[in-house]
Amino acid sequence: MDKIAKRSTNVSYVPLALKTGRVTIRPNAFVTQIMTETHLTEGLRAIGVRIRDTWSGETEEIRAGVVVMAAGTIESPRLWLNSGLPSNPWVGRGLVNHYFDWVTGMFDERDLIAILGSPDINPFVGHTSGGRLDYPGLGSILVTGMSPGLTASMSYGLSQSGYSSLQPLLTSMPWYAKGRVVGHELQEWMENYRRTLSIVIFADDEVNYRNGVTVDPANKDEHGPVPKVSYVSGQRGSRNRNELVKIAVDILRKAGAKKVLRTDWPASLMIHMESTMRMGFVVDDSCESYQTKRLYIADNSVHFNALGGANPTLTTQALATRTADKMAEKYFK
């Protein structure tokens with residue numbers, strides 16, 4: 001699985017780490033604080049973590065020569081802030097997300113027989129994500145297919161444009177619609193589900209200081225003040241998304257689609273979140289904290305920007321591997 005799966009960390013790096021015999025996984029151990037001390041020559045440095053067992057509620061301190069924070073774009077800045085680590089204006093700031101959208105084309109049975117030799121596309125067959133096209137400066141588009149239930153919700157039921165039937169008709173494109181579909185229109189799309197092809201849009205968005213994560217001291221859970229997330233897509237993201245939608249619609253039409261629907265997903269669909277602990281602002285080029293030595297960050301939060309619209313998984317894994325090498329070279333020679 002670690003060679004043929006989609007390379008999620010749980011089926012790739014984690015099994016490889018366990019094979020070394022030097023890794024212990026502590027399920028349901030939630031870190032509530034990064035512990036520090038002031039060293040004579042290093043200054044402030046991390047010395048371990050305080051954890052809470054979510055099963056028993058018991059707390060424990062674990063000492064370490066180096067601490068690596070990899071809690072994600074939301075929880076990493078939360079942990080920093082709740083640990084009372086040095087103030088940094090960019091901790092939690094600069095949150096960026098790919099501005100997603102979804103475009104679906106419906107094909108005629110006779111056309112598919114001529115094109116594919118089959119009356120159906122069958123979007124449920126094969127990998128969820130297929131062929132991908134990257135457009136530097138804009139983002140990416142890729143063919144995607146899902147089960148009928150997910151298609152009904154994500155393709156036809158999730159939109160910031162309201163109902164497609166209430167959108168003004170475009171006389172130049174009578175085959176094009178945008179928004180949520182219901183009633184007889186939804187019935188038509190789902191009856192033709194096996195003859196549809198969808199393209200998902202990953203638009204590159206810009207880093208903006210106003211977007212980010214803070215903590216709310218008035219609202220706490222069992223692990224401390226909870227994170228507050230603020231995000232508004234920028235003009236660049238909206239512009240890039242619209243350009244990619246045009247490309248996707250054009251591809252579907254030239255492929256033979258008789259009807260095209262743009263879902264127009266809301267910007268609040270947060271999937272590829274990045275950049276709340278940016279390299280060059282919170283951590284150095286080895287991903288070690290500028291202000292707290294022996295504290296490394298190795299997750300999406302250290303990305304400098306939105307990576308141009310590409311999925312961040314492989315970049316994050318590569319950066320984490322590089323961080324491990326840098327850390328070992330500096331502290332564990």
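In the predicted model, strand S9, comprising residues 176–178, runs parallel to strand S13, and three bridges join the two. Within this pairing, Ala177 has Leu261 of S13 as its bridge partner. Strand S13, which spans residues 259–262, also pairs with strand S6 (residues 99–106), here in the antiparallel sense and over four bridges. Lys259 of S13 is the bridge partner of Met106.

Helix H3 covers residues 109–116, and at its start a side-chain oxygen of Asp108 lies within 2.9 Å of the backbone nitrogen of Arg110. At the other end, H3 is followed by Gly117, for which phi is positive, near 80°.

Helix H7 extends over 19 residues, 313–331. Buried positions in H7 are Thr316, Gln317, Leu319, Thr323, Met327 and Tyr331. Because these residues cover an arc of only 165° around the axis, they are placed on the same side of H7. An α-helix has 3.6 residues a turn, so residues three or four places apart point the same way. The other side of H7 carries Leu314 and Asp325, both of which are exposed. The packing partners of the buried H7 residues are helix H1 (13–19) together with two strands, S4 (67–69) and S15 (295–297).

Conventions: Residues numbered from 1 in each chain as written. Predicted model: local features only at pLDDT ≥ 70, side-chain atom pairs only at ≥ 80, totals over all residues. Heavy atoms only, no water. Pairing = 2+ DSSP bridges. Expected span 1.5 Å × (residues − 1). Buried < 20%, exposed > 50% of the residue type's maximum accessible area, 1.4 Å probe, protein only. Arc of directions from axis to C-beta. Contact = heavy atoms within 4.5 Å. Polar contact = N/O pair within 3.5 Å; in protein donor to acceptor, adjacent residues only side chain to side chain.
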